[in-house]
Amino acid sequence: MNIIISDTYQYLKDWISTIPLIFSSSGKIIYNARNQIRVIEGPDGIMYNIKRYHQPLLCNRIFYTFIRQPKAYRAYHNALFLLSKGIPTPTPIAYILCGNFLLQESYLITLQEPLKHTFYEFRNHSVRGYEQVIHDFALLTANMHQNKIMHLDYSPGNIIFDIDQEGNVHLSLVDINRLQFGKNISQKQACKNFCRLWGHKDFLLLLAKEYAHCRGWNEQITQDLILTYWKLFWHVRNDDEIEQVMCPIDLT
């Protein structure tokens, strides 16, 4: 078992080393599909988000052991990099790699993010009252793209937000093991980066407008590109079908 812990959280070393043993019987499950995520209270009374990545197939176990760093490793170090650039993401605490010679399973430990909303919500309501959220998200994305950073899984569940009592918007990016660094991002690539998002047409158009303003680009061209790539990704043939893209999860 290989454990890497942030210097700030070395005091949790003994507890973190037990996570592979206690994970399945501890805390509360908040996501359970290919990977499983639990929120578990640490010995210091702080809530931690612990993600157990699914066991890779044999070929991928070899790949992640000898060729490419595992997802938990990448997510941990990507978080440190994003935070160093002022891009919000949950604070990384540690990662664990387990296996006999070949990687068998891995864990990522972060602080539990207090933000309660995801961009899935834009599938079910208009942008009214959420204009500042969309503006701040466009500004955050523009900042990332201009710094040659692109989230390659920019889907609604990976963008979380909240609005505090003073009306300030707080955003955070999660599931960040797939990032692209150091490459110039063209206008087409930037607009295509939004194609996984869900929402009514007013959401897409406002997002495109705000992003265009952040980049100093032509608004109409930016809107056309974002809508074009969105329709291609979701196999939408015309504007009337935009509202028919259904959300496959229960948001209630």
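In this predicted model, a search of the whole structure turns up zero disulfides. A disulfide is a covalent bond between the sulfur atoms of two cysteines.

Taken as a whole, the protein has a secondary structure of eight helices and eleven strands, and buried residues make up 46% of its 252 residues. Among the contacts in the protein with a separation of 6 or more, 64% come from residues 24 or more positions apart.

Cys 214 leads on to the helix packing, as it is one of the residues of α7 that meet α5. Two packed helices are described by the angle between their axes and the distance between the axes. For helix α5 (residues 131–146) and helix α7 (residues 201–215), the axes come within 8 Å and cross at roughly 45°, and α5 and α7 are therefore oblique to each other. The crossing in which α5 passes α7 is right-handed. On the α5 side, the residues in contact are Glu 131, Ile 134, His 135, Phe 137, Ala 138, Leu 139, Thr 141, Ala 142, His 145 and Gln 146, and on the α7 side they are Phe 203, Leu 206, Leu 207, Glu 210, Tyr 211, Cys 214 and Arg 215. Sorted by class, this contact of α5 with α7 has ten nonpolar, four polar and three charged residues.

Helix α7 also packs with helix α8 (residues 219–234), at an angle of about 135° and with the axes 8 Å apart. Because that angle lies between 115 and 145 degrees, α7 is oblique to α8. The crossing of α7 and α8 is right-handed. Here α7 contributes Lys 201, Leu 204, Leu 205, Ala 208, Lys 209, Tyr 211, Ala 212 and His 213, which meet Glu 219, Thr 222, Gln 223, Ile 226, Leu 227 and Trp 230 in α8. By class, the contact of α7 with α8 has eight nonpolar, three polar and three charged residues. Tyr 211 is listed in the contact of α7 with α5 and also in the contact of α7 with α8.

Which residues does Gln 180 contact, leaving aside its neighbours within four places in sequence? Gln 180 lies in strand β11 (residues 179–181), and, with those neighbours left out, Gln 180 is in contact with Lys 148, Ile 149, Met 150, Leu 152 and Ile 185. With a relative accessible area of 18%, Gln 180 is buried, because the value is under 20%.

Lys 148, one of the contacts of Gln 180, is found in the loop between α5 and β8 (149–151). The phi angle of Lys 148 is near 60°, a positive value in a residue other than glycine, and Lys 148 counts as partly exposed at 34% relative accessibility. Another residue with a positive phi is His 235, which is likewise not glycine and has a value near 55°. His 235 has its place in the segment after α8, and with a relative accessible area of 68% it is exposed, because that value is over 50%.

Definitions and conventions:
Residues numbered from 1 in each chain as written. Predicted model: local features only at pLDDT ≥ 70, side-chain atom pairs only at ≥ 80, totals over all residues. Heavy atoms only, no water. Disulfide = S-S within 2.5 Å. Axes fitted to C-alpha atoms, helices over the stretch in contact; angles between N-to-C directions. Helix = DSSP H or I, 4+ residues; strand = E, 2+ residues; numbered from the N terminus. Parallel < 35°, antiparallel > 145°, perpendicular 65-115°, else oblique. Left-handed = near helix turned anticlockwise from the far one by under 90°. Contact = heavy atoms within 4.5 Å. Nonpolar A, V, L, I, M, F, W, Y, C, P; charged D, E, K, R; others polar. Buried < 20%, exposed > 50% of the residue type's maximum accessible area, 1.4 Å probe, protein only.
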